[in-house]
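Here are my notes on the model you passed along.

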Amino acid sequence: MQYTCPMHPEILRDEPGMCPLCGMTLEPVAASTSHWTCPMHPEVHEQGPGHCGDCGCALEPVTVTAVLDENPELVDFRRRLWLAVPLTIAVLILAMGPMLLPSLAAIEHAGWARWAQLLLASPVVLWSGWPFLRRGVESLRRRLNMFTLIALGVAAAYLFSLAALLTPGSFPESARDAMGVVPLYFEAAAVIVTLVLAGQILELRARTRTGAALRALLDLAPEVAVRVAEDGSESEVPAAELRKQDKLRVRPGARVPVDGVVLEGTSSVDEAMVTGESVPVPKAPGDRLIGGTVNGSGSLLMWAEGIGSESTLARIVGMVSEAQRSRAPVHALADRVSAWFVPAVVIVAVVSALLWWWFGPEPRLGHALVAGVTVLIIACPCAVGLATPMSMTVAMGRGAQTGVLFREAGALEALASLEVLVCDKTGTLTQGRPTVDGIHLAAGVEEKELLRMAAGIAQQSDHPLAKAVVAAARERRIRPPLARAVESVTGSGTQGEIGTSRVRLGSAEFAGAADAFADEASAAQDSGASLVFVSVDGEVRALLTARDPIRPGTAEALTELRALGLQIAMLTGDGERAAQHVAAGLGIDRVVAEVKPDGKAEAIRTLQAGGLRVAMAGDGVNDAPALAQADVGIAMGHGTDVAKQTAGITLVKGDLAAIGRARRLSVATMRNVRQNLWLAFGYNSLGVPIAAGVLYPLLGWTLTPAFAAAAMSLSSVTVITNALRLARTPLHG
């Protein structure tokens, strides 16, 4: 357990005690927020709340929870703002009142009024503005950032005013006004602190909304469930008390409490909130259920499996949270700019101040100070740093709501510029559940014995064709024997020992088929069937043909993807004629068939060598090399763990229509990022010259530090607000 100060969240202790800065009692850090990171520098990790040492931004919890706890820095800044606002208003009345109200002219140069400004502004600068001053000093030792500029601006205005009040005789004539008095700028220092505090509060509030999509997913999980006891009685229990293998009743219209499998009953379940698919999915015994989805009109008895962090919702949130902390290549632009931007701004501020001091109107030194401080404040690059990560964070949450999970920000960025989508056939374009529809036996071979031996080898393989062989044996009530020394050769087949026999099933080459069953194989391939040859002790005994239906909606999804500017190609290890049969039905012109796993990766490289940006969609172990080679790898949610770990994008339901949604989201996100960067860079490009005084010789216009502070804060809020628009982006065609 760690403890922190509610007023100074950067203070962390392993034991309870008192805050060394303010003396308040330390409070426990919530377990759900024990790991914190920076939204702009995800490599920064701390054990509790605080601020980033690189950019000064408030840290955020690594783990998104259903309960939205206020950021400790937001609580702290709000307290500081409550003190700053009335004191700043009072300082403004004393400093600016005589210029606005003739009745207050008598206090303009009154000694008590000048000292009152010091007394009122000091708590604002030294307490309310302390976090900014301290981070500014830290930045000088580590990395210059926005707080460098804020601290320099506030300190310059406050210290100049303090010196003018305490030692007015030490200032030259160029620092005095027409009355011979050195002006004070306490109100500028106080206003800067107050407006920056207000801007930081608005920014922190806006940033909390970027996790709204993930919290909405977590909120889908019901708090109670109906547990069925051994005697058949039912009782409501808190979902947190559920355990694996509990039997649960899902009543009509209720949410599925946890991941599991249907034991009894039939119904349709609305999975749109997880998969993005609007059509309810029929469920029957043996089908899987996802926690948080909504049951239809039927009553289901289910077996609980995915509990807590093992649930689909928790895994989705964890995966997306991790992806949100990754950095897109476009983010490097903001990093490169920030590396030279702050030093450049300091130089511009110094040059501006010198020019005003040398050539400006009286009091020249006062005008020089105001110009320098205004440049420092208006140029704070926080909006530049937030431009990319805020858009990426919101977009990934939006994707998770529609069944598209990004493992890294780079995949989200790259998807917008892709030109070719290469699809695996089995399990991607087709359902991945082929069924045996033909058995051709060699002379003297019994079908039952042949299927018994083939299923004995196939039952230890995850390949769809192997599962089809096992299903064919099961339908005929054939019990497969236990095989020994089973070995799968990726892209070729599976072999093992049954009794004293060596059994192989797979491709013609792997089984040593040569010209065996040539006519039957040719006819089957012409009709789109896949072939499984079975050999025993090197002798080909049978040819099994299997068909894998095209996934529903695949043709429509490919049509939509072509409309979005993607070329479609198919890559498969299946036979040429079977592949061409599927391709013809889907309108795919570019087909590469009969390729091994390494051949798939080579095919991707060939396309890339032609200058094309390529995505690969697949679901199997044999697709992993190609998924890794592609500019963007897209794994089907029903696919193997290897495929999902290799790919940059996972489609929860595994339907190609989700790629269309991902493409639209990617295009919208990159457009949003460009808008944010233009807003941030455009703001600074216009603001800095005006603050420096380029319009003064022509129009007599200058900016005040107060205006600069307000504009700087609003620029960050504008960028975040623009990013939040992605949460409402329509993704369906």
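1. Let's begin with Ser-666, which counts as buried because its relative accessibility is 0%, the cut-off for buried being under 20%. Bear in mind as you read that this is a predicted model. Ser-666 sits in helix 23. If you skip the neighbours within four places in sequence, Ser-666 has contacts with Leu-412, Glu-413, Leu-415 and Ala-416.

2. Staying with helix 23, have a look at how it packs on helix 11. Helix 11 covers residues 382-401 and helix 23 covers residues 657-692. Their axes are 9 Å apart, and the packing angle is about 160 degrees. Angles over 145 degrees count as roughly antiparallel, so that is the label for helix 11 and helix 23. The crossing of these two helices is right-handed.

3. Which residues of helix 11 and helix 23 meet? On the helix 11 side they include Ala-383, Ala-387, Ser-391, Ala-395 and Arg-398, and on the helix 23 side they include Leu-665, Thr-669, Val-673, Asn-676, Ala-680 and Asn-684. Sorted by class, this contact has 11 nonpolar, 7 polar and 1 charged residues.

4. Next, the nonpolar cores. The largest one has 126 residues, and Ile-150, Phe-406, Leu-421, Ile-588, Ile-634 and Ile-649 are those with the most contacts inside it. Helix 23 turns up again here: it supplies the largest share of this core, 13 residues. There is also a second, separate core of 24 residues, with Val-469, Val-470, Val-534 and Leu-544 among its members. As background, nonpolar side chains tend to be buried together in soluble globular proteins.

5. Now for a residue in a strand. Is Ile-498 buried or exposed? Buried, because its relative accessibility is 8%. Ile-498 belongs to strand 20, which spans residues 493-498. Leaving out neighbours within four places in sequence, Ile-498 is in contact with Met-453, Gly-456, Ile-457, Pro-481, Ala-483 and Val-503. Take Gly-456 from that list: it is 42 residues away from Ile-498 along the chain, with 7.5 Å between the two C-alpha atoms.

6. Finally, the overall picture. The protein has 25 helices and 28 strands. Of its 733 residues, 54% count as buried. Among contacts with a separation of 6 or more, 66% come from residues 24 or more positions apart.

Methods
Residues numbered from 1 in each chain as written. Predicted model: local features only at pLDDT ≥ 70, side-chain atom pairs only at ≥ 80, totals over all residues. Heavy atoms only, no water. Axes fitted to C-alpha atoms, helices over the stretch in contact; angles between N-to-C directions. Helix = DSSP H or I, 4+ residues; strand = E, 2+ residues; numbered from the N terminus. Parallel < 35°, antiparallel > 145°, perpendicular 65-115°, else oblique. Left-handed = near helix turned anticlockwise from the far one by under 90°. Contact = heavy atoms within 4.5 Å. Nonpolar A, V, L, I, M, F, W, Y, C, P; charged D, E, K, R; others polar. Core = buried A, V, L, I, M, F, W, Y, C linked by side-chain atoms within 4.5 Å. Buried < 20%, exposed > 50% of the residue type's maximum accessible area, 1.4 Å probe, protein only.
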